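These are my notebook entries on one protein chain. I set down what I looked up, topic by topic.

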Amino acid sequence: MSASPRTRVLISGASIAGPALAHWLGRYGFDVTVVELAPALRGGGQNVDFRGRTHLTVLERMGVLEELRTLDTGGSPITFVDQEGRRLLHLPADFAGGELEIPRGELAQVLYRHSNSRAEYLFGDSVEALEETASGVRVAFRHGAPREFDLVIGADGLHSTVRRLAFGPEQRFVRHLGYYAATWQLSDGGGLPAGGVALNVPGRLISVGADHRDPARAGAFCLFASPELRYDRHDTRQQKALVRAAFAGLGWRVPQLLRSLDGAPELYFDSISRADVPAWSTGRIALLGDAACGATIGGMGTGTAVVAAYVLAGELALARGDHRAAFARYEKLLRGYAQGCQKGGDRTGPFLAPRTATGLRLRNGLLNRRWVLNRMLELGKQVSSVELPDYAALLADRVSAVG
């Protein structure tokens, strides 16, 4: 199964969607380059989960499902407490972790290992300009020499550079949903429970928990309601100051967690926002994952990105060089599915940190009923399911027909 003749594809972004697409395109015989601004694969980050048969089927077809099962955390239960540490609500592992939960950094490593033999990776660089021609796309890089590709795919997240260059400024497509979130690693997880314990006050949540497999490792997570803030997305010190200001004056473990920010080597900090792009492609350039239809947290973005990579690569392989037909078919198959998953992100902030004391009491009372949790789990599986083509079979049938 191969593209003809060796279609050159540049993928911007080496988080999850980019390596997943590189894996499939490399398998189909495309000439793939992945460019990533970070100097190496990013570690850390929250655990990510996969839910339902669609997610697991794609991982199985990729040949990574069994390897990922060895990295499964078993889910991350979370207990909500008040400022005196008294338990208010407990969410079990299956509610928080889906059917397969993996640390984001470890998932990225697996996808990279399964794609790097078939793709060229350029770390520490980024796309600076795009110029589409009749035969391809001329790409200027921040550091490397300009190159030409047949196709360019923006898999570079909610703040996509490719989307900005090819589709327009970010403010046209990304909407702030009223909250910010941050996560960082602690130097010592000794004595902390596996999963997480979270303090909730109106409009704010902060949690801490040890790794299931390595109790010495621990991570903190926080979320707070706020109007849109002005800050430098690349200034970690400024972002840490915003977290400290948001949680100043709270009890429980909060002072200790805020002090741990000083020694945290990495901090993930971003608004809870969603991206809505009217069309996922323009000419020879297309968007994938959060760049096209993303939600920062709670929109099943990781599972959707892996599914979308499978479909985009399969459609490009079937299209025999007709990228317009492939891009149109990819969007037709997935837009409704992706938007259905994305709606969960709209509810993440209000669910985790209701803005009022009454909202907190109502949420806790409702979710302390197991039947409510079971119903929410079932609805999540339904939303994350979609019928997908079996591209391996379709391409094999094509080869047999030609033969």
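In which sense do S1 and S2 pair, and over how many bridges? I found that S1 and S2 pair in the parallel sense, over five bridges. I noted that the model is predicted, that local features need pLDDT of at least 70 and side-chain atom pairs count only at pLDDT 80 or more, while totals for chains, interfaces and linings use all residues. I also noted that residues are numbered from 1 along each chain as its sequence is written, and that side-chain values use heavy atoms, with hydrogens and water left out.

**Entry 1**

I first settled the terms. Helices (H or I, at least four residues) and strands (E, at least two) are DSSP runs, numbered from the N terminus. Two strands pair if DSSP finds at least two bridges between them.

I then traced an open sheet of six strands, in the order S7-S2-S1-S11-S18-S17, with mixed pairing. Strand S7 (119-123) and strand S17 (281-282) stand at its edges; each has a single partner strand, so one side of each is left without a neighbour in the sheet.

Within this sheet I looked up strand S1 (residues 8-12). Val9 stands opposite Val32 in S2. S1 also pairs with strand S11 (residues 151-154), in the parallel sense and over four bridges. There, Leu10 stands opposite Val152.

Is strand S2 (residues 31-36) mostly covered or mostly open? I recorded that five of its six residues are buried, where buried means under 20% relative accessible area, exposed over 50%, and partly exposed in between (1.4 Å probe, protein chains only).

**Entry 2: Gly289**

I located Gly289 in the loop between strand S18 (285-287) and helix H9 (290-293). Gly289 is buried, with a relative accessible area of 14%. Apart from neighbours within four places in sequence, Gly289 is in contact (heavy atoms within 4.5 Å) with Gly294 and Ala305. I also compared Gly289 with Ile16: they are 273 residues apart in sequence and 8.7 Å apart in space, C-alpha to C-alpha.

**Entry 3**

I found an open sheet of three strands in the order S8-S9-S10, with antiparallel pairing. Strand S8 (127-132) and strand S10 (147-149) are the edges; each has a single partner strand, so one side of each lacks a neighbour in the sheet. S8 and strand S9 (residues 137-141) pair over five bridges in the antiparallel sense. The bridge partner of Leu130 in S9 is Val139.

I then looked up strand S4 (residues 78-81) and strand S5 (residues 87-91), which run antiparallel and are joined by four bridges. S4 and S5 form a hairpin with five residues between them, and Gly85 in the turn has a positive phi of about 85 degrees. Thr79 stands opposite His90 in S5.

**Entry 4: the second largest pocket**

How much space lies in the second largest pocket? I recorded about 440 Å³, a volume being the space filled by probe spheres set on grid points joined across faces, edges and corners. On a 1 Å grid over the protein atoms alone, a pocket is an open set of points where a 1.4 Å probe fits, with protein on both sides within 12 Å along at least five of seven lines; lining residues have an atom within 4 Å of a point.

Of the 15 lining residues, His159, Glu170, Glu228, Leu229 and Arg233 are the closest to the centre of this pocket. Strand S12 (174-186) and strand S16 (267-275) are the elements that give two or more residues to the lining. The largest share, four residues, comes from S12.
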